[in-house]
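Hi everyone, thanks for making time this morning.

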Amino acid sequence: MNLEQHKELPAPLPEFWFNQPTLKLARALLGKLLVKETDEGVAAGWIVETEAYIGPGDRAAHSYNNRRTPRTEVMFGPPGYAYTYVMHTHCLVNVVSGKAEHPEAVLIRAVEPCLGLDLMLDRRPVARLEQLTSGPGKLTRALGITPADYGSPLFAPPLYIAEGREVSMVETGPRIGIDGSGEARDYPWRFWDADNPYRSR
């Protein structure tokens, strides 16, 4: 399916869809369409890699030990909202999961470009297309997701998740970049489309 050939985008997923256990949600997000509407145009990509963070018992989670700060506040609310933050100058986007007062989230690690490719390449020129959105900071830059999207509902424009396509084979393994999190670094809470070249390396 190439949405460049279609006039209409799929509708956002309903709010209740996000109300599922975090590990299940992290897997279910694979193949879904992440869409961002801006004044420059619309860009979208199929989600091909995610990571689950289950605080407060997860030492790799920002909400570990029920840490409640202005940055993590959205995680204590209902599921289906965007948790954006900046790490090493890169903006990252998460889907808030878990019930209210149970601060959990799913990091979107990589997407495959689907719509607005020229716009994405203007924002993030690359030598090889597979490098365009193959990481959490890469995809936000390409899609135009910014810290200003913090707290946005992911079931309504301008930043939302819609139905996409089936993923034939899902692999799991340890999360990336959390070496200082003790035993949590070994939890197999990363999920990815095994056959997709846009997953992170």
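This is a predicted model: local features need pLDDT of at least 70, side-chain atom pairs count only at pLDDT 80 or more; totals for chains, interfaces and linings use all residues.

**Salt bridges across the chain**

Let's start with R175, which forms a salt bridge with D58, the closest N and O atoms being 2.6 Å apart. By salt bridge I mean a side-chain nitrogen of Lys or Arg within 4 Å of a carboxyl oxygen of Asp or Glu. R175 sits in the loop between β8 and β9, and D58 in the loop between β2 and β3 (82-87), so the pair ties together parts that are 117 residues apart in sequence. Helices (H or I, at least four residues) and strands (E, at least two) are DSSP runs, numbered from the N terminus. R175 and D58 are both buried, where buried means under 20% relative accessible area, exposed over 50%, and partly exposed in between, with a 1.4 Å probe and protein chains only.

Residues are numbered from 1 along each chain as its sequence is written, and side-chain values use heavy atoms, with hydrogens and water left out.

How many salt bridges does the structure hold? The structure has 12. One of them joins the side chains of K36 and D149, at 3.0 Å from N to O. That pair links distant parts of the chain, with K36 in strand β1 (residues 33-38) and D149 in the loop between α3 (136-143) and β6 (155-156), 113 residues apart. K36 has a relative accessible area of 6%, which means it is buried, and D149 counts as buried at 6% too.

Next, please find R165 and E112, whose side chains meet in a salt bridge at 2.4 Å, N to O. R165 lies in the loop between β7 (159-162) and β8, while E112 belongs to strand β5 (residues 104-115), so this pair ties together parts 53 residues apart in sequence. Are these two residues buried or exposed? R165 is partly exposed, with a relative accessible area of 31%, whereas E112 is buried, at 16%. Salt bridges that share partners also join E49, E51, R109 and R190 into one network.

R109 lies in strand β5 and is buried, with a relative accessible area of 9%. Leaving aside residues up to four places away in sequence, R109 touches E49, T50, E51, S134, G135, P136, L139, I176, R190 and S200; contact here means heavy atoms within 4.5 Å.

Which residues lie nearest the centre of the largest pocket? They are M87, L92, R109, P136 and I176, from a lining of 33 residues. The largest pocket has a volume of about 560 Å³. For those who like the details, we work on a 1 Å grid over the protein atoms alone: a cavity is a set of points where a 1.4 Å probe fits but cannot get out, a pocket is an open set with protein on both sides within 12 Å along at least five of seven lines, and lining residues have an atom within 4 Å of a point. Grid points are joined across faces, edges and corners, and a volume is the space filled by probe spheres set on the points. The elements giving two or more residues to the lining of the largest pocket are β2, β3, β4, β5 and α3.

On to α3, which is mostly covered, with 6 of its 8 residues buried. Those buried residues are P136, G137, L139, T140, A142 and L143, and they pack against β1, β2, β4, β5 and α2 (117-123). Just after α3, G144 takes a positive phi of about 85 degrees.

β9 pairs in the antiparallel sense with strand β2 (residues 41-54) over 3 bridges, and with strand β8 (residues 170-173) in the antiparallel sense over 4 bridges. Two strands pair if DSSP finds at least two bridges between them. E49 stands opposite W192, and F191 is the bridge partner of T172.

Last stop: S97, in strand β4 (residues 90-97). S97 is buried, with a relative accessible area of 0%. Its contacts, not counting residues up to four places away in sequence, are T22, L25, P79, H102, E104, A105 and V106. The side chain of S97 makes a polar contact with the side chain of T22 at 2.8 Å. A polar contact is a pair of N or O atoms within 3.5 Å; within protein, one must be able to donate a hydrogen and the other to accept it, and residues adjacent in sequence count only if both atoms are side-chain atoms. The backbone nitrogen of A105 lies 3.2 Å from a polar atom of the S97 side chain.
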